[in-house]
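Subject: Handover of a structure with two chains

Dear colleague,

Please find the structure below.

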Amino acid sequence: MSETAARPLVEVQDLARYFDVSKPLLNRLLEGGKRQILRAVDGVSFDIPRGRTFALVGESGCGKSTVARCVVGLYPLSRGKMIFEGVDIASMRTREAMRPFRRRLQMIFQDPYASLNPRWRVRDIIAEPIRAHAILSGREAIDARVDELLTQVKLNPRDGEKYPHEFSGGQRQRISIARALASNPEFLVCDEPTSALDVSVQAQILNLMKDLQRDLGLTYLFISHNLAVVHHMSDEVGVMYLGRLVERAPSKELFRFPRHPYTQMLLDTIPDIDMTGRQRQPVAGEVPNPIDPPPGCPFNPRCAFANDRCRTEVPVAKRAGEALVACHGIEEGRVPVIERVPAPVAA
Amino acid sequence: MPNHLLEVDRLKVVFPTRRGTLVAVDDVSFHIDQGEVLGVVGESGAGKSLTGAAIIGLLEPPGRIAGGEIRLDGRRIDNLPYSQLRRIRGKEIGAVFQDPLTSLNPLYTIGKQLTETIETHTDMTPTKARERAVQLLKDVGIPAAEKRIESYPHQFSGGMRQRVVIALALCANPRIVIADEPTTALDVSIQAQIIALLKRLCQEHGTAVMLVTHDMGVIAETADRVAVMYAGRVAEIGPVRDVIKHPKHPYTIGLMGAIPAIGHGTERLTQIEGAMPRLTDIPRGCAFNPRCPKVFDRCRSERPDLLATETSLASCWLYDDQRAPAREAAHV
């Protein structure tokens, strides 16, 4: 991807979020336990140019949803910066300072059953951001805007009078998207937006999201555990493992030349729907406990290429081709990078 | 005609409600041979799990079998009294469910649960049963099986628990295992391990598997044949390669196009407009007709049976040689 002169819309620098998961103070005093800190996210950096999609992918517990929540400001950061159009919004201390930015970044959540208030009519759910940010005033103007939003997400304006329970999962996710769009945001954080949906409905939502991006020039941070969905949606991909970004590369590059051994392993686990009968590395082991991560590279206990350096020294991200990879093996040339031939398109 | 291991013949499962009877599984027929993996795929509410539950006799009341037959080795098992069904369940038919935590009793060690099942279904002595339990745990790839047998379910991770559940299902060397979404609750890297394990075990033990899932990728990896379900009916059934590469039923075609795949540089996914009908208003004729791009008059009035295509069986009037308009037009 060519470097554009314009500054990226979103820059995340060395983002970290720790959680204190120790026992209560009294128990620690009586039982003599130590403080326990869960480093859910530990030093993640990326940036997203305007109108592009950056995807974070990883297994459960790798910290991808924590990144999403930090980026929109639902969690304060333990360290690092979240720069939106040149302004570090994570450092803002007051609601007043934050207000002009709130409208411009919105979030879509995974579970469309939990993220809509069941007692509100859809019209009111979608109008809430408009009222909260005082974007429009007057009942008629707001109603007209809600109708427009409902049409934009391919629902019927008459659906506004209904309650969320009257809709299927896919339709509810459309309502969530309409609500997110209500404040005319520029940046949407989508945390597993289709994981709770069936494939045919997932296709409808992914197509809708791509259309909206094209029509409204939206910028997406797209979080998913599904590599095929990430491949379909993203311009650039970050692979997370135990709170760290192990590899970051343009989407085409990542799926063609996965470099980090963890990325290679993830790509190997995708079910082979084209039935090419390709051979694959057997996958070993499981994600370790994030409270007590292994020393050195977090992936070293599962990595076939690990040596003593990997077990002691934490790797930092270095450039390799078009990618940024945090791996001693790649840096030293010990890890073979094999081109993945894209599966032939089914006739 | 040779006997299949499991035959499901025009199975119908209904739920009586205050507003009338809902037909959740309607005229579903298929068979599974020894050592074969049949995938049953469909979206939520297609009736795939209920079909599995009906076979093992675990339908939740008020759901009940209202018609059809289920035969294991030619012997009807759908109308057996509870005491006899209990002897078949576990011994001849094993089951693996989606959530391994709810399939295991949290108060007993896994060793206790394994040996109890083995002793119930075979006449092994407790010592022998324990040896077998350790062997089973080794088979499913649990490290240090002799030690871990004393552990409780909460001491295992999700993937390891699912391995224990699979060991439990295999205790009595069943002829067939019904696996209902066995990998859905697991991470992708663990999913790959569990799929490989299921495949290896059926090859080694000659066990047949009915694999119920919503994930076409898992089916492609594991199954020999696949049945695609829609609104309680079988839309298409055939060898897995044919159904995936050359789907015949318009629903299967749409479904395959809707799955994003790496290596296919498509900008847009195929969309099937609308959603699967609720059980309360399944349309007349073919259940898929309001969403079907190739619908014609007959689809709206007459319900198609499974018809032979070149590769698979599809319940679609397009494959009725005499009456399909496309073919008539081709002859003119």
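**Chain B**

In chain B there are 13 helices and 12 strands; helices (H or I, at least four residues) and strands (E, at least two) are DSSP runs, numbered from the N terminus. Please note that this is a predicted model, in which local features need pLDDT of at least 70 and side-chain atom pairs count only at pLDDT 80 or more, while totals for chains, interfaces and linings use all residues. Residues are numbered from 1 along each chain as its sequence is written, and chains are lettered from A and ligands numbered from 1 in the order in which they are written.

A compact globule of 332 residues would have a radius of gyration near 20 Å, and the 21 Å of chain B agrees with this. The radius is taken over C-alpha atoms, and the globule rule is 2.2 Å times the number of residues to the power 0.38. Along the principal axes, the C-alpha atoms of chain B fill a box of roughly 75 × 50 × 40 Å. Of its 332 residues, 48% count as buried. A residue is buried if 20 or more other C-beta atoms, placed from the backbone, lie within 10 Å of its own, exposed if 12 or fewer, and partly exposed in between.

One open sheet of chain B has 4 strands in the order β2-β1-β4-β5, with antiparallel pairing; two strands pair if DSSP finds at least two bridges between them. Because β2 (20-32) and β5 (75-76) of chain B stand at the edges with a single partner strand each, one side of each is left without a neighbour in the sheet. Strand β1 (residues 6-17) of chain B is joined to β2(B) by 9 bridges, and the two run antiparallel. Leu6(B) stands opposite Ile32(B) in β2(B).

Helix α4 (residues 110-121) of chain B has 12 residues, which at 1.5 Å a residue should span 16 Å; its end C-alpha atoms are 17 Å apart, which agrees. The expected span is 1.5 Å times one less than the number of residues. The buried residues of α4(B) include Ile110(B), Leu114(B) and Ile118(B). The buried residues of this helix pack against α5 (126-139) and α7 (158-170) of chain B.

**Chain A**

Chain A comes to 12 helices and 12 strands. With 347 residues, a compact globule would have a radius of gyration near 20 Å, and chain A has 22 Å, which agrees. Buried residues make up 42% of chain A.

The domain assignment, which is automatic or from a database, gives domain 1 (10-262) and domain 2 (263-347) of chain A. Their C-alpha centres lie 27 Å apart. In domain 1 of chain A, 29 residues are in contact with 30 residues of domain 2 of chain A, contact being defined as C-beta atoms, placed from the backbone, within 7 Å. β10(A) gives the most to the side of domain 1 that touches domain 2, with 7 residues.

**Where the chains meet**

How many residues does each chain bring to the contact? Chain A brings 34 residues and chain B brings 35 residues. The largest share of the side of chain A that touches chain B, 7 residues, comes from α7(A). That side divides into 19 nonpolar, 10 polar and 5 charged residues. Here Ala, Val, Leu, Ile, Met, Phe, Trp, Tyr, Cys and Pro count as nonpolar, Asp, Glu, Lys and Arg as charged, and the others, Gly among them, as polar.

Yours sincerely

Technical notes:
Contact = placed C-beta atoms within 7 Å.
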